[in-house]
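Have the viewer open as you read.

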Amino acid sequence: MGLEDFTEFDEDTSAQEDTVDESTGEVRFETTDVTTQDSYSGLGVVSVSRGLKIDETGDDTNLQVYITAPNRSRIRIGSYVLVPYPDNERLFCRISGLEYAQEFHSDDATEINARRAMQTDNIDETDYKFMAELDPVAVLYEQDGELKRRMTDRVPKPKTVVREATDKGEIKTGLKIPDDGIFIGHLAVGGERITTAAEPPTIDYRLKDKYDDGDPLIFRHTLVAGGTGSGKTHVAKNILRQVLDQSRSYPLSDGRERKPAVVQFDPQDEYAQMHDDNDQITKEDQRRWEREDIAYGGYDNTIAFVPKIKGTTYDTKGHRAEQRRFTIPFSMVRQNQWLVAGGDLNNNQYQAIRLLLKRFFDQFGNSGTYAQFKQFLEDPALREELSESGKVHESTYDAVVRRIQGFENVFDQDAQPITDQIDEFVRQGRLSVVPTYHLNDSRAAETIVLAVASLLVDEKLSSNPRYEQVKDTPLVVGMDEAHNYLTDADSVQARKVIRKFTEAAKQGRKERLGLFLITQDPQDIHEAVFKQINTTIVLNLGDEDAISSVNIPTELEGKVPYMEQGQMVVYSPDNSEPVELVGLPKCLTQHK
């Protein structure tokens with residue numbers, strides 16, 4: 001070791017000569033003033049004590065860093081660091097493991113060692129090695145003055161100084177986070193927001209929303225999953241508020257720009273509150289959100305379309321949004337025959353009900369009502385005719401009659417049909433909320449939600465739509481408690497529903513139709529629908545089946561049961577690397 005290695009000592013040290021105390025004869029040794037550097041440039045250095053390897057698949061990658069003693073207390077799993085190369089490129093990494101190891105070979109599992117440790121509050125960090133295991137994410141490099149990323153393709157040098165990633169541009173580029181788009185939350189590690197020296201100091205996470213970057217991801221479908229009390233409705237409202245930002249629009253195939261419409265099915269009567277301001281928002285909140293380009297405040301263009309059900313009333317105290325009543329006309333069953341099935345149908349029964357409905361509507365037209373259909377089936381001559389012709393067996397006919405009972409309170413109520421209000425229901429820039437909280441009949445609520453949602457999907461996918469406004473308006477269909485409607489059930493009705501929504505999901509990019517599903521039981525959503533989801537936002541979930549069903553990377557999966565309210569992980573492969581976020585502490589609109 002040469003003198004040049006002792007650079008931590010101050011060169012301006014001074015030593016005085018030793019002196020002798022004449023009265024005692026003792027020699028006084030003068031101390032030398034030695035100054036050590038308390039801070040170093042970086043967290044530590046790349047170590048090769050256990051090997052240094054970058055593997056193409058990542059399975060055999062071995063990249064470890066020795067962390068110096070002053071830096072150890074602030075290092076966290078999930079933190080982001082940079083390992084520079086000699087040519088100014090740098091390797092962007094995530095800390096995936098932390099480990100203490102003995103600096104000197106000794107046995108510390110002894111009685112005397114334990115007793116000494118119990119008598120002191122601190123340990124001597126220099127007695128131990130503190131190693132951080134790094135997971136390479138991407139190589140960052142400059143090209144024509146622009147920071148870019150590529151896959152990891154080179155190994156760093158031993159003893160390279162590793163530094164914490166603190167530059168917003170480097171972090172966003174390393175994680176492939178877009179600069180613009182729909183705001184979701186702020187980048188975090190262990191529930192704490194990552195801060196930088198920039199203004200604002202937080203790092204915003206957004207979903208791509210321009211066709212220049214590919215298809216807007218809102219039309220590639222989103223799932224928000226979280227248990228009770230996790231903050232999923234709060235998060236969902238804040239995301240929808242960004243979708244409805246006045247500056248947001250999408251081009252149609254003919255070149256016209258149109259603002260999106262949102263139709264939100266609301267089982268807990270919470271989303272119509274988006275009409276109102278959150279009175280807990282301060283001026284400081286507003287200034288901060290304006291600097292970050294986050295839309296906030298009550299959304300005036302919100303209407304609650306309330307389904308009229310016999311024997312129920314809708315309490316209007318929770319919000320100040322305009323309300324309009326509607327009913328489901330029985331004519332909607334003509335295209336979706338499964339809507340009138342009150343129980344699980346087998347194939348024979350479903351074919352029978354299709355035949356009976358066709359004959360009914362051929363006779364009565366679209367003005368035919370549910371009451372008339374019941375009377376139609378009571379005709380014994382019809383039952384005998386179909387039985388003798390071999391088209392419908394008598395037992396199958398009787399089963400169909402039983403299955404279609406009990407919809408008197410759903411169809412053809414004293415309100416304007418939803419089909420007559422489509423131009424108001426789906427209008428660019430409008431939030432249309434369909435509350436079902438006041439419906440104490442779960443079958444009635446399910447029928448209404450599936451009837452209206454199917455109407456929208458059918459119009460979007462049709463090559464000859466009846467309602468051009470639905471076809472021509474970018475549309476987000478939000479469905480809270482989606483597991484109740486898109487479930488994996490073994491019945492003809494369930495298969496028809498799943499097939500319809502799976503096809504809608506597949507065609508969403510082309511037709512500008514986005515599904516926005518919210519659930520606390522993601523494991524109950526049918527796999528065919530799940531496969532079409534591009535962006536998965538997961539808040540706290542306690543159920544192992546629910547956690548495994550959302551298909552997020554293993555390193556994030558383990559965090560889910562421990563996340564506090566508002567913490568989330570986002571897995572959106574076409575948008576960014578998997579990340580941890582923290583949502584806004586306040587809802588951007590009213591949220592009670």
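Helices (H or I, at least four residues) and strands (E, at least two) are DSSP runs, numbered from the N terminus. With that in hand, Glu481 is found in the loop between β20 (475–480) and α12 (492–511). What you're looking at is a predicted model, where local features need pLDDT of at least 70, side-chain atom pairs count only at pLDDT 80 or more, and totals for chains, interfaces and linings use all residues. Residues are numbered from 1 along each chain as its sequence is written, and side-chain values use heavy atoms, with hydrogens and water left out.

Most residues other than glycine have a negative phi, and most peptide bonds are trans. Glu481 has a positive phi, near 50 degrees. His221 has a positive phi too, near 85 degrees, and sits in the loop between β12 and β13. The peptide bond between Glu199 and Pro200 is cis, with omega about 0 degrees; Pro200 belongs to the loop between β11 (192–193) and β12.

Is His221 buried or exposed? Buried means under 20% relative accessible area, exposed over 50%, and partly exposed in between (1.4 Å probe, protein chains only). His221 counts as buried because its relative accessibility is 2%. Arg220 is in the loop between β12 (204–207) and β13 (222–225), and with a relative accessible area of 18% Arg220 is buried as well. Its side chain makes a polar contact of 2.7 Å with the side chain of Asp574. For a polar contact you need a pair of N or O atoms within 3.5 Å; within protein, one must be able to donate a hydrogen and the other to accept it, and residues adjacent in sequence count only if both atoms are side-chain atoms. Contact in general means heavy atoms within 4.5 Å. Not counting residues up to four places away in sequence, Arg220 touches Asp215, Arg509, Gln532, Ile533, Asn534 and Asp574.

Back in strand β20 you'll find Val476, buried at a relative accessible area of 1%. Leaving aside neighbours within four places in sequence, the contacts of Val476 include Ile218, Val243, Ala261 and Phe516.

Next, the empty space. Rolling a probe the size of a water molecule over the atoms shows where empty space is left. On a 1 Å grid over the protein atoms alone, a cavity is a set of points where a 1.4 Å probe fits but cannot get out, and a pocket is an open set with protein on both sides within 12 Å along at least five of seven lines; lining residues have an atom within 4 Å of a point. Grid points are joined across faces, edges and corners, and a volume is the space filled by probe spheres set on the points.

The largest pocket has a volume of about 510 Å³. It is lined by 25 residues, and the closest to its centre are Asp135, Pro136, Val137, Glu555 and Glu577. β7 gives the most to this lining, with 3 residues.

There is 1 cavity of 30 Å³ or more, and the largest cavity has a volume of about 60 Å³. Among the residues lining it are Phe183, His234, Met568 and Leu584. The largest share of that lining, 4 residues, comes from α3.
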